[in-house]
Amino acid sequence: MIYLKTPEEIQRVREASILVSRTLGEVAKWVAPGVTTLKLDTIAREFIRDNGGRPACLGYGGFPGSICAEVNEIVVHGFPSNYTLREGDIIGTDCVVELNGYMGDTCYTFTVGEVDEKVLALCKTTKESLYKGIEACKEGKRIGDIANAVQTYCEARGYTIVREMCGHGIGKGMHEDPEVPNYGRRGTGALIKNGMCLAIEPMINLGSRNVVIEADGWTCRTKDRKPSAHYEHTVAVVDGKAEILTTFEYIQEALGDRFI
Ligand code: MF3
Ligand code: CO
Ligand code: CO
């Protein structure tokens, strides 16, 4: 069941989206060699609470963090831990905030110090593919058009698409219908309508597309242990096209010329 949102509800999703974007802006200030992913989690949790929000990942299905920590080969749903970031790592931080009953969901993959140029290119392409997907998100088009835009862009550059995990509708719930895959055929899937709120989130691999879930039941990593990148925005379909409700501008502000 796809819930179309009223303008008032979209405003709530917009406000949650701004708070979660500001949260990753705070996290960005801390990403550096020597910092643990638990520290990043604490920064996020405290910032969200200090600003009247709820870290929606914390306790969701038993998840132990306020962010998902996605280091190198971790695709999604990594637990924050005492792992210490090193020069050359990449780390995706995926965060959901609930504010006044509505959710905003965003993810950004950071580079830690100097990163291998192949890995840097993976991150850049994944981020670009997110905007390709968003451009394809228009009233009257279909979810498969978003999926195909992401897939075509990434595969043309030699990367592979994780198929087991998808974007999703968002609103009062973190995960609502429809699923938004990152691969598929144009003209297929649910019709895109004004009032839809969607989380679009390409998860793209340098090696093979295959993933495995670790024994903790959550941590999803690449089977070949090659790196994976992940970027995510929450969007609303307004006046026929996607308005991006989350933003990386706080991250850009924090990173300055380290922003890629
Ligand atoms: N933020 C993730 C998504 O993009 C979901 C987080 S799962 C949780 O859909 F368990 F951490 F909440
Ligand atoms: Co997310
Ligand atoms: Co999401």
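This is a predicted model: local features need pLDDT of at least 70, side-chain atom pairs count only at pLDDT 80 or more; totals for chains, interfaces and linings use all residues.
**View 1. A stacked pair: tyrosine 108 and phenylalanine 259.** Rings of Phe, Tyr and Trp (its six-membered ring) pair up if their centres lie within 6.5 Å; planes under 30 degrees apart are stacked, over 60 edge-to-face, and the rest tilted. The count by this rule is 7 aromatic pairs. Here the ring centres sit 5.9 Å apart with the planes at 20 degrees, so the pair counts as stacked. The partners are 151 residues apart: tyrosine 108 belongs to strand 5 (residues 102-111), and phenylalanine 259 to the segment after helix 5 (249-255). (Helices, H or I with at least four residues, and strands, E with at least two, are DSSP runs numbered from the N terminus.) Tyrosine 108 is buried at 1% relative accessible area, whereas phenylalanine 259 is partly exposed at 21%. Buried means under 20%, exposed over 50%, and partly exposed in between, using a 1.4 Å probe and protein chains only.

**View 2. An edge-to-face pair: tyrosine 231 and phenylalanine 248.** This time the centres are 6.3 Å apart and the planes make 70 degrees. Tyrosine 231 sits in the loop between strand 13 (228-230) and strand 14 (233-238), and phenylalanine 248 in the loop between strand 15 (241-244) and helix 5, so the pair ties together parts 17 residues apart in sequence. Both residues are buried.

**View 3. Helix 3 crosses helix 4.** The axes of helix 3 (residues 117-135) and helix 4 (residues 143-156) come within 8 Å and cross at roughly 150 degrees. That makes the two helices roughly antiparallel. Axes are lines fitted to C-alpha atoms, for helices over the stretch in contact, with angles from 0 to 180 degrees between N-to-C directions. Angles under 35 degrees are roughly parallel, over 145 roughly antiparallel, 65 to 115 roughly perpendicular, and the rest oblique. Thr125, Glu128, Ser129, Lys132 and Gly133 in helix 3 touch Ile146, Ala149, Val150, Tyr153 and Cys154 in helix 4, where contact means heavy atoms within 4.5 Å.

**View 4. Helix 1 crosses helix 2.** The axes of helix 1 (residues 7-28) and helix 2 (residues 37-50) come within 9 Å, crossing at roughly 140 degrees. Helix 1 and helix 2 are therefore oblique to each other. Leu19, Arg22, Thr23, Glu26 and Val27 in helix 1 meet Leu40, Ile43, Ala44, Phe47 and Ile48 in helix 2. Zoom in on alanine 44, found in helix 2: at 0% relative accessibility, it's buried. Leaving aside residues up to four places away in sequence, alanine 44 touches Thr23, Val27 and Ile67.

View 5. Histidine 77 isn't a glycine, yet has a positive phi of about 65 degrees. You'll find histidine 77 in the loop between strand 3 (74-76) and strand 4 (90-99).

Conventions:
Residues are numbered from 1 along each chain as its sequence is written. Chains are lettered from A and ligands numbered from 1 in the order in which they are written. Side-chain values use heavy atoms; hydrogens and water are left out.
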